[in-house]
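Please read it with the structure in view.

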Amino acid sequence: MLNYSMVFQGTAFTSSTPKEVKILKDNLFCINGEGLIERIVSPANPEYQAILDTYLHKENFHRLEEGQYILPGFVDLHVHAPQWAQAGTALDLPLYDWLNSYTFPIESKFADLNFAKNVYEEVVHTLLANGTTTALYFATVHKEASILLAEICAQKGQRGLVGKVVMDNPDQTPNYYRDVNTLTALTDTEEFIIAVKELGEKTKQGVYPVVTPRFIPSCTNEALKGLGELAVKYDTHIQSHCSESDWEHGYVQDRFQKNDAYALRDFGLLTEKSVMAHCNFLDDADADLFAQTGTAVAHCPVSNAYFANSVIPIAHLHSKKVEIGLGSDISGGFSPSLFDNARQAVISSRMLEDGVDKNLPSTKRGVPNSRITINEAFYLATAGGGESLSLPIGRIQEKYTWDIQIIDTKLPTAKLPLFEEKESLEDIFQKIMYLVRPENIQEVWVQGEKVHSRK
């Protein structure tokens with residue numbers, strides 16, 4: 001007996017490998033009550049017509065209109081939620097100056113829960129409207145406001161992984177914005193973890209606590225060690241920044257006489273559930289360590305163009321079996337759209353391969369074999385993000401969550417240039433990835449629940 005919670009009929013695109021996109025043309029997507037994809041049925045399947053006849057005129061049947069397509073929901077592996085309040089400003093400053101002149105003053109305001117509520121509701125809504133169904137968030141040092149962010153994710157239907165930021169090192173943090181001391185930082189983090197785990201048990205799509213040292217410069221050794229122990233005790237995800245810029249990378253080498261990756265490993269902060277942002281200055285030994293520990297890289301191509309002082313060799317890291325997903329890095333990255341970041345990931349990789357200094361001969365100008373394709377960027381924004389978080393998300397595949405965005409290519413105000421009557425679906429996919437704007441995203445679903453609609 002057929003008993004699906006919902007059935008969708010339409011054409012979908014999903015990653016089958018990092019370089020290959022699978023096209024599911026006119027399939028039926030059968031969703032169960034838990035919001036998981038129970039079956040995907042192609043028109044060639046003998047049961048296709050029977051399922052279609054059963055659900056065709058029911059309220060829980062959804063047939064896509066002509067020109068509409070399904071993509072997996074995007075997985076944003078690096079968002080500073082409080083920085084939405086400063087997005088688009090001060091991107092001309094070096095990282096150290098940007099943090100101290102703009103970012104820390106903004107984040108200190110989140111002691112005010114009313115201010116926090118206004119910003120956090122807006123950033124979660126904005127990301128959902130841009131097709132981001134799962135987000136890995138840095139909050140602030142404030143325990144109550146960080147719990148509030150998790151509550152807002154739960155209410156709005158986004159799968160949120162939220163971290164209360166730890167900053168207890170007085171040498172690298174301002175007097176007006178840091179944890180009171182190391183003990184308070186660890187106690188508040190533990191209470192935060194317990195509160196969010198309890199919330200997650202009552203939330204269909206899940207919300208998760210994340211152990212979050214801001215980065216090594218902002219934390220004492222005692223805090224880093226304690227956070228590693230809390231991550232083990234509660235089996236939580238872990239996030240931080242790693243080898244982002246010349247300044248940060250050099251600071252850690254001076255302090256520990258080793259690179260970020262090994263310092264983080266020594267504090268118990270590199271695990272299967274770890275996601276490290278940027279990682280532009282990883283060397284091969286660091287990359288091997290990431291692969292061995294299952295630590296993932298959050299690639300933030302727009303932000304890196306402003307603050308990272310380099311282009312990360314994504315293709316090389318993938319060849320070394322490092323897990324990689326995509327991040328917006330609001331507000332170091334100005335755009336909340338992973339479409340924009342996927343496009344920039346391709347652009348940056350091609351600049352790395354071809355080089356930028358015309359005064360050098362072409363053979364010495366770039367780094368060979370560095371380019372990635374839009375298919376690979378799509379993988380980073382979807383399946384790569386899911387693998388990085390060790391969650392069944394980011395793919396349109398049986399037993400994965402029904403986290404999707406419905407793209408309308410025929411929207412009058414944002415029509416894609418599709419003029420050929422029988423244009424290939426491969427070409428349509430590429431046009432979607434390069435040309436879609438937020439208004440093309442007609443609906444967003446998370447765990448089988450509609451969380452955004454433009455209708």
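1. The structure discussed here is a predicted model.

2. The largest pocket. The space in the largest pocket comes to about 540 Å³. Its lining is made up of 22 residues. Those nearest the centre of the pocket are Glu 66, Gly 67, Tyr 69, Leu 425 and Ile 428.

3. Elements around the largest pocket. Strand S1 gives the most, with three residues. By class, ten of the lining residues are charged, six are polar and six are nonpolar.

4. The second largest pocket. The volume here is about 190 Å³. Pro 18 and Lys 19 belong to the lining, as do Ala 315, His 318, Ser 319, Lys 321, Val 322, Glu 323 and Ile 324; Glu 376, Tyr 379 and Glu 387 complete the set. Five of the lining residues are nonpolar, five are charged and two are polar.

5. Elements around the second largest pocket. Helix H11 (314–319), strand S13 (323–326) and helix H14 (374–381) each provide at least two lining residues. The largest share is that of H11, at three residues.

6. The largest cavity. The largest cavity holds about 120 Å³ of space, and 15 residues line it. His 80, Leu 95, Trp 98, His 241 and Glu 244 are the lining residues nearest its centre. Strand S6 (74–80), helix H2 (95–108) and helix H10 (301–307) each give two or more residues to this lining. The largest share, three residues, belongs to H2. The lining comprises seven polar, five nonpolar and three charged residues.

7. The second largest cavity. About 40 Å³ of space lies in this cavity. The residues that line it are Tyr 96, Leu 99, Asn 100, Phe 104, Gln 172, Phe 215, Pro 217 and Trp 247. Helix H2 again gives the most, here with four residues. The lining has six nonpolar and two polar residues, and no charged ones.

8. Dimensions of helix H4. Helix H4 runs over residues 143–156 and has 14 residues. From its first C-alpha to its last it reaches 20 Å, close to the 20 Å expected at 1.5 Å a residue. The helix is followed by Gly 157, which has a positive phi, near 90 degrees.

9. Why is H4 described as largely enclosed by the rest of the structure? Ten of its 14 residues are buried, so the helix is largely enclosed; buried here means under 20% relative accessible area. The buried residues are Lys 143, Ala 145, Ser 146, Ile 147, Leu 148, Leu 149, Ala 150, Ile 152, Cys 153 and Ala 154. The elements that cover them include helices H3 (113–129) and H5 (182–200), along with strands S7 (132–138), S8 (159–166) and S9 (207–213).

Definitions and conventions: Residues numbered from 1 in each chain as written. Predicted model: local features only at pLDDT ≥ 70, side-chain atom pairs only at ≥ 80, totals over all residues. Heavy atoms only, no water. 1 Å grid on protein atoms, 1.4 Å probe; cavity = no way out; pocket = protein on both sides within 12 Å on 5 of 7 lines; lining within 4 Å. Points joined across faces, edges and corners; volume = space filled by probe spheres on them. Nonpolar A, V, L, I, M, F, W, Y, C, P; charged D, E, K, R; others polar. Expected span 1.5 Å × (residues − 1). Buried < 20%, exposed > 50% of the residue type's maximum accessible area, 1.4 Å probe, protein only. Contact = heavy atoms within 4.5 Å.
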